[in-house]
Number of protein chains: 2
Amino acid sequence: MTALITLGKQAKQAAFALAQLSEKQKNNALMIIAEQLETHAPAILAANAKDIQAAEQQGLSAALIDRLLLTQERLQAIADDVRHIVSLADPVGKIIDGGTLDSGLKVERVRVPLGVIGTIYEARPNVTIDVAALCLKTGNAVILRGGKETCHSNRILVEVVQQALERSGLPKFAVQAITDPDRELVMQLLKLDRYVDMIIPRGGAKLHELCKQHSTIPIIIGGVGVCHTFVEQSADQERALSVIANAKTQRPSTCNTLETLLVQASIAPTFLPKLVDYLKPKNVKYHADSTALSILQSAGADASPVREEELRQEWGSPDLNVVIVENIEQAIAHIAEYGTQHSEAILTESPRLAQQFINQTDAAAVYVNASTRFTDGGQFGLGAEVAVSTQKLHARGPMGLEALTSYKWVCSGDYVSR
Amino acid sequence: MTALITLGKQAKQAAFALAQLSEKQKNNALMIIAEQLETHAPAILAANAKDIQAAEQQGLSAALIDRLLLTQERLQAIADDVRHIVSLADPVGKIIDGGTLDSGLKVERVRVPLGVIGTIYEARPNVTIDVAALCLKTGNAVILRGGKETCHSNRILVEVVQQALERSGLPKFAVQAITDPDRELVMQLLKLDRYVDMIIPRGGAKLHELCKQHSTIPIIIGGVGVCHTFVEQSADQERALSVIANAKTQRPSTCNTLETLLVQASIAPTFLPKLVDYLKPKNVKYHADSTALSILQSAGADASPVREEELRQEWGSPDLNVVIVENIEQAIAHIAEYGTQHSEAILTESPRLAQQFINQTDAAAVYVNASTRFTDGGQFGLGAEVAVSTQKLHARGPMGLEALTSYKWVCSGDYVSR
């Protein structure tokens, strides 16, 4: 535990210094980081090559190795992303609301950094720089815990960042990494509530469950999206087809991809054959309940019976569950049972039913006549995205810079008492 | 676990119904609750008498018994508080921000109920009605777990509320209580993350620590206030005296009471004797570091050496710790080490030092030339207070109705795709 306590104390100390910085000072440090990433590109790529070699020796999948891989172009994109963060407005210091009390006390709620943020993530080395830069922009110190597959890359990336911090007169411990691959350190990080204010896990359902069970620090749950689209009987069927195609097939590996289509029983016999035709070029494979199955098979679709556990998972592929529901209540109940509170859509011409769906569907983003694929910090105009939260406290849905801040009640008076 | 799962499911179900209600429907239910509390006053007071009798038999302290006690007047005040909540604006449905994307998708962040709130509290039966009414106003279902000392009172209060809910056409399970005194049920409640969205513990440091260690549900940490006031050397000493007297002696049992006075060394010899004079009528007992001790004793104060553990606790009485610091950095460091992130004050004539204190003091409320006693939902104009949070996520400081809500990204379009 000693090593982590040292990290925690150093981070807290750095956070005190960061809390005093102007936006200009933080931006200056970010510009130097971007420049240093370019300067040290050869060394960074060499370290990354070691990670790639180790990954190949361990027989990791091609997809995973591609996520690990840094190239000159990817590194340039990472440096450019840091410069983009410079261009975003700093939320720190923004006055949320306030006023003067009868006693003469002026009370304002002012945005402040959270303090120290811990993040636990997997393969991608770009996350290291991305999260470090977003935390720095908002005046937070950060403790990074990347996957062991990227330990060489992360070590040099953090070194470059720390050198850049020192060059810009900032505390180098504002950005620290746990590079020892011992998994026990993750458990220790989750208990470091004395020094760490928030944990952002970026990974699959298992990582989030681990954090939920063991963390004594507030965590942001998210990332896993079992998203639904409900085709209500009044929907414009022709236009519904393109929305469904987009939601399912534009990029099936993303968390805002449609997994289960809910179709109102009254329109299933007419609508599903149109869907099969429309999605034919996309090679969609259907997993259907018994009623839907016979319609889909009659229409010549590649369809099989859906298993209950398939309703609770992300396919990550152009596979689509299809379930028939009698009415909107059944659709809402299905989503409550199987959804992950990420992104849920209704296609309907009824404003009343749309409002009921909005009110009663418990999700970060609720869509009316639109594709769930829009749930994204960039799409929503946040400028950046540090994670997608599926919980309801602090931040919900795409998290931008504001989600890395808290507020303080700042009160001042002329020696006033209650 | 079965009993609690049933409660959880019923609460979730009720939350779905509440999410569809208008402010008018919720206010109507609250008015009926207030009226029914008055109608059933004799039965409520009779049940409360049983709790009081049991408390006396168990030899509970007079202070605790007073907190348990309901009288006709207190019950009337509780009903009046419910009517006051009716008069507050409902945050649900408020649009936080939003706009229309280039794609034509309209995106708005809209305030929504959190869903199901669990609360764990101690003796006071008024909390039962207060929390139930605040949750109902914001469209949340609530599971109440009061102290075993109030089990008779709570049982009938919840019965009255549930009858009132049914009379107003609302689901009675919107308000439920765990009245079985088995402590194991608290542990089970903390793991009910499938159904409960937020836990608000209202009690001492031990209860909060228990929740932090065991809850898989996001919790609101708070309530414990080891508050400081730093007298910087430029402070107006005469006017500082009244602020300190207010912060320490107005109501010493509250969490926003001053516990430790930090005095800059350069002014300690002149300032402390004035303080002793000024506080003489208040019978303040001093616990001081060695330098302060000799000054205080020379000035005729009732003073003894402060023990380190006394710097980490709430006195709850007119006892005051006094610690000498060399400069603002030492004051900030002392607060970082011993504070509970509740309310911290600086008395100074220097705007620069005031700003440094504001930036670097990690607390829900930071005061310049004012008493820490102002940290309160009513004082801050929130209209009501469900708790005081000392954490940084979701809500910080006094929590009003808004802190019982989350937001949803509500997106609508004309069958738009990304």
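Modeller: Between chain B and chain A, 52 residue pairs are in polar contact, both residues being at pLDDT 80 or more; a polar contact is a pair of N or O atoms within 3.5 Å, where within protein one must be able to donate a hydrogen and the other to accept it, and residues adjacent in sequence count only if both atoms are side-chain atoms.

Colleague: Which strand gives the largest share of the side of chain B that touches chain A?

Modeller: That is strand E16 of chain B (residues 405–416), with 11 residues. Strands (E, at least two residues) and helices (H or I, at least four) are DSSP runs numbered from the N terminus.

Colleague: And what is that side made of, by class?

Modeller: It has 37 nonpolar, 25 polar and 19 charged residues. Here Ala, Val, Leu, Ile, Met, Phe, Trp, Tyr, Cys and Pro count as nonpolar, Asp, Glu, Lys and Arg as charged, and the others, Gly among them, as polar.

Colleague: Before we continue, what are the ground rules?

Modeller: This is a predicted model, in which local features need pLDDT of at least 70 and side-chain atom pairs count only at pLDDT 80 or more, while totals for chains, interfaces and linings use all residues. Residues are numbered from 1 along each chain as its sequence is written, chains are lettered from A and ligands numbered from 1 in the order in which they are written, and side-chain values use heavy atoms, with hydrogens and water left out.

Colleague: How many salt bridges are there between chain B and chain A?

Modeller: There are 10, each a side-chain nitrogen of Lys or Arg within 4 Å of a carboxyl oxygen of Asp or Glu. One of them joins B:Lys212 to A:Asp193, with the closest N and O atoms 3.2 Å apart.

Colleague: How much area is buried between the two chains?

Modeller: About 6800 Å², of which 51% comes from carbon and sulfur atoms; this is the accessible area (1.4 Å probe) lost on putting the two parts together, summed over both. B:Trp409, B:Tyr415 and B:Arg418 supply 16% of what chain B buries against chain A, more than any other three residues.

Colleague: Which strand of chain B pairs with E16 of chain A?

Modeller: Strand E13 of chain B (residues 365–370) pairs with E16 of chain A (residues 405–416) in the parallel sense over 5 bridges; pairing requires at least two DSSP bridges. Within E13 of chain B, B:Tyr367 is the bridge partner of A:Cys411.
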